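Please keep the structure open while you read.

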4 protein chains.
Amino acid sequence: MKNADTLKRLKIVEGHMKGIVRMVEEDAYCIDVIRQIHAVESALHKVSTQILDNHLNSCVITAVQGENLADRQRVLNEVLEVFETSSRV
Amino acid sequence: MKNADTLKRLKIVEGHMKGIVRMVEEDAYCIDVIRQIHAVESALHKVSTQILDNHLNSCVITAVQGENLADRQRVLNEVLEVFETSSRV
Amino acid sequence: MKNADTLKRLKIVEGHMKGIVRMVEEDAYCIDVIRQIHAVESALHKVSTQILDNHLNSCVITAVQGENLADRQRVLNEVLEVFETSSRV
Amino acid sequence: MKNADTLKRLKIVEGHMKGIVRMVEEDAYCIDVIRQIHAVESALHKVSTQILDNHLNSCVITAVQGENLADRQRVLNEVLEVFETSSRV
């Protein structure tokens, strides 16, 4: 169900991108294009947050409660990695 | 010519977004989806930078050298605005 | 031990901030000040990542393995929150 | 006058950093430290925006209206550079 919402949001972003391509084809004002690109980036960060929410409440819990130490370490490192790169766009 | 390159990059991002939608439809690993979303955000920031580059070297020069003070102020405020929002995604 | 390193990095940032204050007092070139501010932001994100790393490998593991569901939820929500706000500076 | 405000804000950030160092020395909760670091990053981006505002309305106007093409190009490239790096913290 959550996945369905993620999919819906991503398809909206895809549609938004198509609109931005059209804006550039029709020679829209530069700043307006940048504003729309910014709106897409913002929407993408919201989707990422939603996906991470699902991930924390499923895979991360399972791995941290599991017996496999390597698995647990990998899962925690991945969470750290997405945090680290989140501000380097 | 520059515009053609911007358009090409935006179409690549659009294709990338289609790929991410497919990943979620095929139930790809959460972290892999977040990584791809991050790659799209990164590509979008590069396109924004390219568009701003064109803008600075055309509209901004024209407005700053022009007689219309309101126009000059508007153009400089827009540049400030895209800087300000650039880090709030 | 990890904490000692975090503390050391934060003190370096504090010293860096002092240097930026001095730059502005001495009327340094705007762009140079912005570059130094950016360097501080970058250093701060690295410290945040280090603190989160420690947090994931201590409190998060303890809470997720613990019996207290409210605690586990709170800890996971906090991780999500720092991810969400990380790109909104 | 604007400079006085920039200086004041930067000194507030410096004080804030001192407070964060103290928090870590007193072993504050990790997430609370990250939240305060985030507040500092946010304040720093506001100061950067203010400095860029001054810069656009002084040096940039002067250079763009001036005769020296190399100077104009340098100034516009610097504005582009601060935009480009603004989202890579």
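This is a predicted model: local features need pLDDT of at least 70, side-chain atom pairs count only at pLDDT 80 or more; totals for chains, interfaces and linings use all residues.

Residues are numbered from 1 along each chain as its sequence is written, chains are lettered from A and ligands numbered from 1 in the order in which they are written, and side-chain values use heavy atoms, with hydrogens and water left out.

**Fold of chain A**

- Chain A holds 3 helices and 0 strands. Helices (H or I, at least four residues) and strands (E, at least two) are DSSP runs, numbered from the N terminus.
- Read from the N terminus, the order of elements in chain A is α-α-α.
- The C-alpha trace of chain A spans about 60 × 30 × 15 Å along its principal axes.
- The radius of gyration of chain A is 17 Å, whereas a compact globule of 89 residues would have one near 12 Å. That radius is taken over C-alpha atoms, and the globule rule is 2.2 Å times the number of residues to the power 0.38.

**Interface of chains A and B**

- Contact (heavy atoms within 4.5 Å) joins 42 residues of chain A to 42 residues of chain B.
- Chain A and chain B bury about 3,800 Å² between them, with 70% of it on carbon and sulfur atoms. Buried area is the accessible area (1.4 Å probe) that two parts lose on being put together, summed over both.
- The rule finds 6 salt bridges across this interface of chain A and chain B. A salt bridge is a side-chain nitrogen of Lys or Arg within 4 Å of a carboxyl oxygen of Asp or Glu.
- One salt bridge links A:Arg35 to B:Glu81, with the closest N and O atoms 2.8 Å apart.
- Between chain A and chain B, 12 residue pairs are in polar contact, both residues at pLDDT 80 or more. A polar contact is a pair of N or O atoms within 3.5 Å; within protein, one must be able to donate a hydrogen and the other to accept it, and residues adjacent in sequence count only if both atoms are side-chain atoms.
- On the side of chain A that touches chain B, the elements giving two or more residues are α1 (2-25), α2 (30-65) and α3 (69-86) of chain A.
- α2(A) brings the largest share of that side, 18 residues.
- By type, the residues on that side of chain A are 22 nonpolar, 9 polar and 11 charged. Here Ala, Val, Leu, Ile, Met, Phe, Trp, Tyr, Cys and Pro count as nonpolar, Asp, Glu, Lys and Arg as charged, and the others, Gly among them, as polar.

**Salt bridges over the whole model**

- Over all chains, the count comes to 28 salt bridges.
- B:Glu14 and A:Lys18 meet in a salt bridge at 3.4 Å, N to O. This pair crosses between chains, from helix α1 (residues 2-25) of chain B to helix α1 of chain A.
- Side chains of opposite charge can pair when their charged atoms come close.

**Symmetry of chains A and B**

- Chain A superposes on chain B by a rotation of 180° with 0.0 Å of shift along its axis (RMSD 0.0 Å). Copies are superposed by least squares on the C-alpha atoms of residues with pLDDT of at least 70 in both.
- A:Glu41 has the C-alpha nearest the axis in chain A, 2.9 Å from it.
- Both copies use the same surface, as 100% of the contact residues of chain A recur in chain B.

**Interface and symmetry of chains D and B**

- Chain D superposes on chain B by a rotation of 180° with 0.0 Å of shift along its axis (RMSD 0.0 Å). The two copies are thus related as by a two-fold rotation axis.
- D:Ser87 comes closest to the rotation axis among residues of chain D, at 2.4 Å (C-alpha).
- Contact takes 20 residues from chain D and 20 residues from chain B.
- Chain D and chain B bury about 2,100 Å², and carbon and sulfur atoms give 71% of it. D:His45, D:Leu80 and D:Phe83 supply 28% of the area that chain D buries against chain B, more than any other three residues.
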